[in-house]
Each structure stands twice: as structure tokens, then as C-alpha cells.
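Here is a short briefing on one protein structure. Look at the sequence and the 3D view, then read on.

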Amino acid sequence: METYPISIGGVTRHVPLIEPLPGRRIPLVEFLGDPELVRAAALALKPLVPQETEVFFTTETSPIPLTHVLAEEMGLPYVVARRRRRPYMEDPIIQEVQTLTLGVGEVLWLDRRFAEKLLNQKVTLISDVVASGETMRAMERMVQRAGGRVVGRLAAFRQGGPVLDVVTVAELPVL
């Protein structure tokens, strides 16, 4: 398997190159199971978090460990949008998103009891990799629908040229 070197916060990994769409190869960054990489990315993002942030908002799965470490470092709570409906969800906020990088549509689900944690809060969105920015846009719509206000958008890596203003600490190519 062909790999590509990535570096963030002084930590380097050789990650697999995948081809999610014909003719488009990208490095696959996976935070799950790599606490050293997660901590390095979180510490690199920490000084970029807007001071007024009261809560972080992320999606499952890979951004969760990053958000968790960042929240722990800053003493802030976080809320997670799920990628499928869970049986216990009551009156969820549902948001469709077209992820251009992977070429598939997805649906984000936010249980009402977690949405209430965003009400009247200043929220910073957290992601692992931002490419088109469509997931971040969907996250922002969910926060607004829950009654929160987005004050920042952060991601460990930027891939390509999203038109959305997102603060990142490292770049990934589209090959």
C-alpha cells in the first residue's frame, strides 16, 4: 500500500493513500487509536480556539478523540452529532450533508437533549479534516437550529480549497 507522510505538532505519520473517487487520491488521516497524533493535533489547535468558546461541537467518528483531548485541555464540554439515528433519540435535529470528498450523502443526527446543551452557547466546530467544507456547513446549520451561535471553525487538516473559513494547522494534498 502506498503511503503519504503527514506531520502535525511535531508528530509524523505515514498514512495510506486512498482513492475515494476515480482519479482522486487522498491521504487517509485516522485519529482513532493514535493518542500521540491526537494529542499533537489538539495541542496545535488549542491556541487557535476563540476565547469566547463555551462548547465544542463535532461529528462522529474520527474527530471525537481530537475534540475530547481539546475539551479536556481547555476545560470545556463538547457535543457530538451522530451519523445515524439511535433508538434512544427523541425529537432529533436532522441535517443532510453531501460530502464531496467521499462522494456520498450523509445525514447527521443530534438528539434533542444534546441539542439543548448548545442553546444560547458560543460554539466552536471541530473536525479532523476539512475538504469541501460541506460537513462544517451542516454542523453550523445544526448549531443554529439548536439555538447556538458558531464563533469558530477548526480542523487539524485542510485538504484542497474549501471556500468556508476554517482555521487549520496542516495541509493535505489531493493527488
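What follows covers a helix and its packing, a strand residue with a surface patch, and the salt bridges.

This is a predicted model, in which local features need pLDDT of at least 70 and side-chain atom pairs count only at pLDDT 80 or more, while totals for chains, interfaces and linings use all residues. Residues are numbered from 1 along each chain as its sequence is written, and side-chain values use heavy atoms, with hydrogens and water left out.

**Helix H1**

- Helix H1 covers residues 35-45. Helices (H or I, at least four residues) and strands (E, at least two) are DSSP runs, numbered from the N terminus.
- Leu37, Val38, Ala40, Ala41, Ala42 and Leu45 of H1 are buried. Buried means under 20% relative accessible area, exposed means over 50%, and partly exposed lies in between (1.4 Å probe, protein chains only).
- These buried residues pack against strands S1 (3-8), S2 (11-21), S9 (149-159) and S10 (167-172), and against helix H2 (63-74).

- Thr168 sits in strand S10. Its relative accessible area is 19%, so Thr168 is buried.
- Leaving aside neighbours within four places in sequence, Thr168 is in contact with Leu48, Val130, Ala155, Ala156, Phe157 and Arg158. Contact means heavy atoms within 4.5 Å.
- Leu48 lies in the loop between H1 and strand S4 (55-59). Leu48 is partly exposed, at 35% relative accessible area.
- Leu48, Val167 and Val169 form a nonpolar surface patch with about 190 Å² of accessible area together. Patch residues have over 30% relative accessible area and no salt bridge; like charges are joined within 9 Å, nonpolar side chains (Val, Leu, Ile, Met, Phe, Trp, Tyr) within 5 Å. Accessible areas come from the Shrake-Rupley method with a 1.4 Å probe; for residues, only the protein chains shown count as cover.

**Salt bridges**

- The whole structure has 13 salt bridges. A salt bridge is a side-chain nitrogen of Lys or Arg within 4 Å of a carboxyl oxygen of Asp or Glu.
- Arg39 forms a salt bridge with Glu73, with the closest N and O atoms 2.9 Å apart. This pair links helix H1 to helix H2, 34 residues apart.
- Lys46 also forms a salt bridge with Glu73, at 3.3 Å between the closest N and O atoms. Lys46 is in the loop between H1 and S4, 27 residues from Glu73.
- Glu60 and Arg82 meet in a salt bridge at 2.6 Å, N to O. Glu60 lies in the loop between S4 and H2 and Arg82 in the loop between strands S5 (78-81) and S6 (93-99), so the pair ties together parts 22 residues apart in sequence.
- Glu60 is buried at 10% relative accessible area, whereas Arg82 is partly exposed at 23%.
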